[in-house]
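Morning, everyone. I'll walk through the sheets first, then a helix pair. Please have the model open.

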2 protein chains.
Amino acid sequence: MASLLRLPSLLSPSKPLLRRRLPAARLAAPAASRGQASAAAGAAAPAAAETRGGDREGQVTPRSVDFNAWYTDVIAAAELADYGPVRGTMVIRPYGYAIWEAIQDYLNVKFKETGHSNMYFPQFIPYSFIEKEASHVEGFSPELALVTIGGGKELEEKLVVRPTSETIVNHMFTKWIQSYRDLPLMINQWANVTRWEMRTKPFIRTLEFLWQEGHTAHATLEEAEKEAMQMIDVYTKFAYEQAAIPVIPGRKSRVETFAGANQTYTIEAMMGDKKALQAGTSHNLGQNFSRAFGTQFMDENGQIEHVWQTSWAISTRFVGGIIMTHGDDAGLMLPPRIAPIQVIIVPIWKKGDEKAAVLEAVDSVQKILKEAGIRVKVDDSELRTPGWKFNHYEMKGIPVRIEIGPRDVTNKSVVVSRRDVPGKQGKEFGVSMDPSILVNHIKGRLEDIQASLLQKAITFRDSNIVDVSSYGQLKEAIAEGKWARGPWSASDADELKVKEETSATIRCYPFEQPEGTKKCFMTGNPAEEVAIFAKSY
Amino acid sequence: MASLLRLPSLLSPSKPLLRRRLPAARLAAPAASRGQASAAAGAAAPAAAETRGGDREGQVTPRSVDFNAWYTDVIAAAELADYGPVRGTMVIRPYGYAIWEAIQDYLNVKFKETGHSNMYFPQFIPYSFIEKEASHVEGFSPELALVTIGGGKELEEKLVVRPTSETIVNHMFTKWIQSYRDLPLMINQWANVTRWEMRTKPFIRTLEFLWQEGHTAHATLEEAEKEAMQMIDVYTKFAYEQAAIPVIPGRKSRVETFAGANQTYTIEAMMGDKKALQAGTSHNLGQNFSRAFGTQFMDENGQIEHVWQTSWAISTRFVGGIIMTHGDDAGLMLPPRIAPIQVIIVPIWKKGDEKAAVLEAVDSVQKILKEAGIRVKVDDSELRTPGWKFNHYEMKGIPVRIEIGPRDVTNKSVVVSRRDVPGKQGKEFGVSMDPSILVNHIKGRLEDIQASLLQKAITFRDSNIVDVSSYGQLKEAIAEGKWARGPWSASDADELKVKEETSATIRCYPFEQPEGTKKCFMTGNPAEEVAIFAKSY
């Protein structure tokens, strides 16, 4: 990490109760860009610099006391992100960005395996483009950032800073597609997008965020539908297998469908406060954009048709989902498969003559693990005590800690602690330094942790979804902060009424549906499907 | 590739003269965003779609006839990029983006090896930030794109769409840095940047482009200087060893130094038309930004000091540099190390009963090469003739082509052609399909091509640099389109006079300097160094 919080070394790791009182940096409330800018102008006086360091002391608000405060505290203390100078913007710090890189590395391979190529579209879109697809402009125009001055001159046409790229993609697709032989056209871009959100929250909803957006064009509706489903499946697998987040995949209601799509598929995740997070979406766009932009092709019979399209995206919001799914009062907790650092090694010595032997053992253990493909880091800094380091790397959510002291060196063994099991229960003494034993042991522990985080999240999710058969039961479940699942075939107006009265929305019609005939809990009419209602981010 | 140009199969590969007459798509002249937008609004009529396909026929303008036309023709025909709807913007198509990914993959590893972490800063910068560093605002304010409307409202303070990030980086560094223990702080971001350029050219100068920008803060001037030099060295090695571009590293003159830097180091590349391309820069920023933003730290003695900084960048412009260094009249020519596809396999059969055996051999050869880590692609499409494919993949600059026909199958051998050696001379018949022999042969050829492209570029560069000892000689060299190298210790005013009279600027004081005392060719005064003058992109 580029910069470490300078937290005073407070506590010995032998006092488990006190260990939770970890000092941490609170995210400063973001100032308006104007105010902040002038505050930064004055050079910090010596005393101020000192005081600022001191101000950073504090502790992470317990999750149970205030989930939102806990969330922003963890983001600050684990050095994941900071507020940018412009309201609603976020600086993604190296450790937070490394989590995003882990997400990218996995998905990028999957996208290529499924036949997509990366490319890049300009972020400035002529304002007139946005207006071409009727529901698209309705959905996005309140959130646009507009460039009106370029090179010192007022522009003839305002430029939209992309909130999403369907319009410019279609403009280009229209140039590139003529024949069925040009299809399917399947591309993806990793990019920044801008939406002028009023209520922002780091990672979850920011004025600018990073994402990937896939865009495809097909010769038939069936192919487009298959593609949209394939990509929501890629996201689902990623969530379960990499991020240990047991999302529920399903279809959005008409009301919640993407502005410009025929169908939106989604993965919905339950956060630690039981609120839902829409963690990824895949849209079957039908011919909405191809009709608006004249994106046509000649089929095998010489007929001219509009292409059928999809788009799909996952963003830096997912990092927020990881924090809010697995974190606890000691801070972040990362699933091993996406942890930038899987193992932290902390050397421990008291007398100077112990140091050399300990560091030699540490070095050897690091090499053994690195060669086995494990992402390992050593913190041998003498500016911090082992106790400080234990707290610090727990806050950073590193799955496994290895301690090596003089006695371990003598015994040719190490101490292994799991981040996900607090206290002595998560600690194993006397794990052999023998390379093959050690590597097997650590790999096994990483797998255990990965599986255990997923299982814990599944249990939490399932114990907080209530099956309802009346509107009263739904209200009760939502009032308890839970998700309500029940048969639904009522109107859009009824759906909006539920939202007004309970703040809950339809998160999705899950793909996995119960058998048998159902009765809509709102109207009593027959219902084909159950829907899941919840409050959401 | 997502979409292939539908070029008619014109010519058999047995007519080498005619083979150069490759049909290609010209890049359409970019329309103003307004006009283009309305043109796209109407759905393309069937006839129009057909005609458009036909319009794409043509050929790449020979390099010797019109270098600029050749350049844009190659970009279109090799499907590297297209114009975006907004003037000066560019869409990077999959094949062009894959070259950028190859650049990223290499540099990203080098940046991490040298201790840098990736992160991400917001792209919107309060206008007041830009004004804080005097020479910075002077350099950048004419090129800014400004967001003035957000979420439907006029903003209180205009936001700059980042042209570069020194100001916002320093704003954040000021929050994160307090003590010498926080230093060095060494980060990098991969991002898009916007500069309102009036004269644009795909890859070389676009309104928006992609780059990486490194930013570091150090405790001493010496450390910052060492870092700035280290990074220009990373760029130099990349250019030579990966891109086969023999850049000349050196120091910029005061006039050409980055707006806000004390020193700018550069790598200068000679393009095929002998114009210079600034292909990467590394700046020693001194304390210019840390003073403007109050970025201070307490040193080991308790003294408060301003940090010393660097920044350094390489952009998608480098892709343009690759095209203009190695390309020829048949199109792009890619150095094997950064070629997205290193080997293209073209199966050849005439009679239906030959097909199965040929495709089986093709499949086996592909597997053998893939397992050896070679990036290989098969084109077994039956929509195109082998001759069309030969032209097409030459246009795409793929280093090695393997042909496999029925006779080759019988002989258990293949035909191998080098992209960089035209005609029969570059063709080897009867190369054994035996896995170890074939892999060794292909790896050897790829190395040969890599080395040969570099050597050819060095020879071209060195034969086009003229050592001058008078202003008259400089004028003569520049008039011939060459680079002029000569002792220089004259004034900034003299430098500007040279520019006015010859259009040439000081590209750099090269790090590699001749021994001995020198006399300034302009003033006759003693000169410490030689400078290189050239016309540039």
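**Sheets and a helix pair**

In chain B, Asp467(B) stands opposite Arg485(B) in E21(B). This is a predicted model: local features need pLDDT of at least 70, side-chain atom pairs count only at pLDDT 80 or more, and totals for chains, interfaces and linings use all residues. Residues are numbered from 1 along each chain as its sequence is written, chains are lettered from A and ligands numbered from 1 in the order written, and side-chain values use heavy atoms, without hydrogens and water.

E20(B) and strand E21 (residues 483-487) of chain B pair in the parallel sense over three bridges. Pairing requires at least two bridges found by DSSP. Helices (H or I, at least four residues) and strands (E, at least two) are DSSP runs, numbered from the N terminus.

Helix H5 (residues 94-113) of chain B packs on the sheet and touches E3, E7, E8 and E14 of chain B. Contact means heavy atoms within 4.5 Å.

Now chain A. What is the strand order of its open sheet? The 11 strands run E3-E7-E8-E14-E11-E10-E9-E22-E25-E21-E20, with mixed pairing. Strands E3 (117-118) and E20 (465-467) of chain A are at the edges with a single partner strand each, so one side of each has no neighbour in the sheet. Strands E11 (residues 276-286) and E14 (residues 308-315) of chain A pair in the antiparallel sense over five bridges. There, His283(A) stands opposite Ser311(A) in E14(A).

Last, the helices. Val365(A), Ile368(A) and Leu369(A) in H12(A) meet Pro435(A), Leu438(A), Val439(A) and Ile442(A) in H15(A).

Terms used:
Axes fitted to C-alpha atoms, helices over the stretch in contact; angles between N-to-C directions.
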